Amino acid sequence: MIRYIIRRLLISLPILLLGSFLSYVLVASAGNPLAEMRARPGVTEQQVQELAAELGLDKPVIARYWDWLTSFVQGDWGTSVALGQARAEVFPSVTEALWVTGRLVVGAELLALVLGVSVGVLAAVRQYSIFDYLATSTAFLMFSMPIFCVAVIIKSYGIEFNNVLQSMGVDRWLTTAGPPTEGFTGSIGDVIFKYTGTFLLPTLSLMLISFAAYSRFERASMLEIMHSDFVRTARAKGISNGRVVFRHAFRNALIPVATLFSLNFGAVLSGAIITERVFGWFGMGSLLVDSVRTFDPNMLMGWLAVTATLVVLFNLVADIVYGFLDPRIRLG
Amino acid sequence: MANVNLSSSTTASPAEVGGKGSSTHEFDSTTARTQGQLVRRRFLRHRLAMVSSAVFVLLCVFAFVGPLLWTFDYEDVSSRSYLPPSGEHPLGTTQVGKDTLALLMRGTGFSLQIAIVVAIVATFVGVLFGALAGYLRGFVDTALMRLVDLLLIVPQIAVAAIVVKGLSGSWYVVALVLATFGWMQIARITRGETLSLAQREFVEAARAAGATTPRIIFKHLVPNMIGSITVNATLAVATAVLAEAALSFLGLGVQLPDTSLGVIVNENYGQITTRPWLFWGPFVVIVLISLAVNFIGDGLRDAFDPRQTKVRA
C-alpha cells in the first residue's frame with residue numbers, strides 16, 4: 001500500500017512540474033502586473049522600471065520561472081505585487097484563504113454526501129413512489145441551477161428571516177456578509193449560536209448543488225445493484241429486507257459515489273469560490289479574483305500550486321478508498 | 001406504423017403460401033426500419049424530450065428573432081434608470097437605463113452561442129483525440145492521456161479567468177477557452193469505446209482492405225459511437241451554459257459590449273429584494289436552457305440505447 005502511494009505520488013510529480021511551467025507561462029503572458037501602475041498619473045517610467053527590476057519582471061519568462069521554482073521548493077513562495085499597499089506574503093495569504101474555504105467546503109460536502117446518499121437509497125428502495133419522484137425532480141432542478149443564483153436566493157431569504165427576527169425583537173441570527181472577524185467567543189451556547197448562524201447559509205447553498213449529484217448517482221447505482229443476481233440470491237435465502245438492503249446492496253452502491261466524491265473536487269472548488277463571493281467571505285475565491293485582476297504572478301502561482309496539489313491528492317485518496325470499498329480491486 | 005406493403009404480397013401466387021414460401025412472403029411484404037429511423041422514432045415518442053426540444057426552440061427564437069422585433073436595442077441607454085415593469089418595458093430598465101427585456105434577449109443569445117460553440121469544438125476535439133488515442137495506442141495514447149490528466153489537474157475556473165482577462169472578454173474568446181477545458185470528458189469516453197471497437201472484425205477488415213487511419217476513424221469508428229457522442233455533446237451544452245454564467249458572474253467572463261445571462265445576474269443580483277424582476281428573468285432563462293438540454297440528452301440516450309429505453313418504438 002505504501003509503495004503504491006509513493007509510486008502514485010512520484011508519477012504525479014512530472015505532471016505537476018509541467019503544469020506549473022505552463023501555468024507560469026500562461027500567467028506571465030496574460031498580462032503585466034505593472035500595466036495598471038503605468039496608467040496612474042504622476043508615475044514616471046523610471047519608477048516602473050525600478051519596480052520591475054526589483055520584482056524580476058525584466059528577465060525572460062524562463063529565467064523568472066526558474067527563480068520562482070527554486071525558491072518555491074525551498075518554501076519561499078514570494079510576495080504579491082500589491083501596488084501602493086504593503087506586499088502580502090503569498091504563503092500565509094493562500095493558507096489563510098484555504099482555511100476559510102476549507103471549513104465551508106468540508107462541512108457542506110459531508111452534509112451533502114450523507115443527505116444525498118440517504119435520499120438516493122430511499123428513492124431506489126421505494127422506486128416510483130411519490131418520494132422517488134419528488135427526490136428525482138428536485139435533483140434534476142438543482143442540477144440545472146447555477147450555483148450563484150441558488151446562493152443569491154438563499155441569501156435574500158436569510159435577510160428576510162433576519163428582518164422577521166428583528167421585528168419580533170430578537171437579535172439577528174444569520175450572517176449574510178462575511179464571517180465574524182473577532183472569532184467565536186462567549187459561552188458554549190453563544191458559540192454554537194454564532195457558528196451556525198455564520199455557516200448556515202453558505203453551507204446550505206454549496207450543499208444543495210452537490211447533494212443533487214450524489215442523490216442521483218446513489219439512486220442509479222443502488223437500483224442497478226438491487227436488480228443484480230446476488231441480491232436476488234440473498235433474498236431467496238430468506239435474508240430480511242433490511243439486511244439485504246444494507247449489507248448486500250448499500251455497501252456496493254457506495255463505490256461509484258465514492259469516486260464522484262473525490263473527483264468532484266474541482267466542481268466543488270468553483271462552487272465554493274462563487275458562494276464566497278456572494279456571502280462576502282475572503283477565501284480562495286476572493287484571492288483568485290483579486291489576483292487575476294492584477295495579474296499577480298506569485299499569488300496566482302501559489303494559488304494554482306495549492307489547488308493542483310489538492311486535486312492530485314484527492315485522486316489518490318479516491319483510488320485508495322476504492323480499494324477499501326471494493327476488495328476486488330487490488331492496489332499495488 | 002410503417003410500410004406494410006400488402007398489395008404486392010397478396011398478388012403473389014397463393015400456391016407458395018406455407019413452408020419455405022411463407023417466410024419469403026413475409027420478408028417481401030415489410031421493409032425493415034433503418035437504425036436512424038428507429039432512433040428518430042424513439043426520440044419523437046419521448047414526451048419529456050419533445051417538450052424540452054420545443055422549449056429550446058422557443059428560447060432560440062426568443063434570443064435570435066426577438067431582438068429584431070423588439071422596439072429597444074440592448075445597447076440603448078436612453079431610458080430612465082430603474083423603471084419598474086410597464087407596458088413599454090415589461091421587465092423594467094437597468095441602472096444605466098437599458099431595457100431589461102432587450103438585454104435578456106441578447107444575453108440569452110450570447111449564452112446560447114457560447115454554449116453551442118463550446119459543445120461543437122469540445123466534441124470535435126474530444127472525439128478526434130479520444131479516437132486517435134484509442135485506435136493508435138502506444139505513444140500517442142500515453143501522450144494524449146497525460147495531456148488530459150494535466151488539464152484535469154488545473155482548476156478550470158482559474159485558468160479560464162486568467163486567459164479571458166489576458167485576451168479579451170468577447171463571447172468567442174470565452175467560448176474557445178471553455179472548449180479548451182471541456183473536451184477531456186468526451187475524449188475519455190471516446191477512447192474507451194474505441195479501444196473495444198478497434199478489436200472488432202470490421203475494423204480489421206477495413207484495415208486489411210487498405211483503409212487509411214482517418215478513413216477508419218471517421219467512416220468506421222465514429223459512426224459506431226454516434227450515440228454516446230451525441231448524448232455527451234448535448235450535455236456539454238448544459239455544462240457550458242452554467243460554466244459561462246459562473247465565470248461571467250465573477251466578472252471574469254464575457255465583458256461589455258457583449259453581454260450574457262451571467263453578466264446580467266452579476267449586475268443585478270443586489271436588487272433581488274427591491275427589484276426582483278431584474279434577477280428572476282435571467283435566472284429563469286438559465287434554468288430553462290439547462291433543464292431543456294438535460295432532458296433532450298436523456299431522450300437521446302434512451303433513443304440510442306434501446307436497452308434502457310422507457311418508451312416503445
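Reader: Quick one to start: is D141(B) buried or exposed?

Author: D141(B) counts as buried, at 10% relative accessibility. Buried means under 20% relative accessible area, exposed means over 50%, and partly exposed is in between, using a 1.4 Å probe and protein chains only. Before we go on: this is a predicted model, where local features need pLDDT of at least 70, side-chain atom pairs count only at pLDDT 80 or more, and totals for chains, interfaces and linings use all residues. Residues are numbered from 1 along each chain as its sequence is written, chains are lettered from A and ligands numbered from 1 in the order written, and side-chain values use heavy atoms, with hydrogens and water left out.

Reader: OK, and what does D141(B) meet in a salt bridge?

Author: The side chain of R191(B), at 2.7 Å from N to O. A salt bridge here is a side-chain nitrogen of Lys or Arg within 4 Å of a carboxyl oxygen of Asp or Glu. R191(B) sits in helix α10 (residues 184-197) of chain B and D141(B) in helix α7 (residues 138-153), so the pair links parts of the chain 50 residues apart. R191(B) is partly exposed, with a relative accessible area of 23%.

Reader: Why would those side chains pair at all?

Author: Side chains of opposite charge can pair when their charged atoms come close.

Reader: How many salt bridges are there over all chains?

Author: The search finds 3 over the whole structure. One of them joins D132(A) and R219(A), with the closest N and O atoms 2.7 Å apart. That pair also links distant parts of its chain: D132(A) is in helix α6 and R219(A) in helix α8 (residues 188-226), 87 residues apart. D132(A) is buried at 1% relative accessible area, and R219(A) counts as buried too, at 14%.

Reader: What about D229(A), which residue does it pair with?

Author: D229(A) bridges to R232(A), with 3.3 Å between the closest N and O atoms. Both lie in helix α9 (residues 229-236) of chain A, 3 residues apart, about one turn of the helix. D229(A) is exposed at 53%, and R232(A) is exposed at 55%.

Reader: New topic. How many helices and strands does chain A have?

Author: Chain A has 13 helices and 0 strands. These are DSSP runs numbered from the N terminus: helices are H or I with at least four residues, strands are E with at least two. Of the chain's 332 residues, 45% count as buried.

Reader: And how many residues of chain A are in contact with chain B?

Author: 39 residues of chain A are in contact with 36 of chain B, where contact means heavy atoms within 4.5 Å. I15(A), S144(A) and F148(A) supply 18% of the area that chain A buries against chain B, more than any other three residues. Buried area is the accessible area (1.4 Å probe) that two parts lose on being put together, summed over both. For these two chains that comes to about 3,200 Å², 86% of it on carbon and sulfur atoms.

Reader: What's the salt bridge count between the two chains?

Author: The count between chain A and chain B is 0.

Reader: Which helix gives the largest share of chain A's side?

Author: That's α1(A), with 9 residues. The residues on that side divide into 30 nonpolar, 6 polar and 3 charged. Ala, Val, Leu, Ile, Met, Phe, Trp, Tyr, Cys and Pro count as nonpolar, Asp, Glu, Lys and Arg as charged, and the others, Gly among them, as polar.
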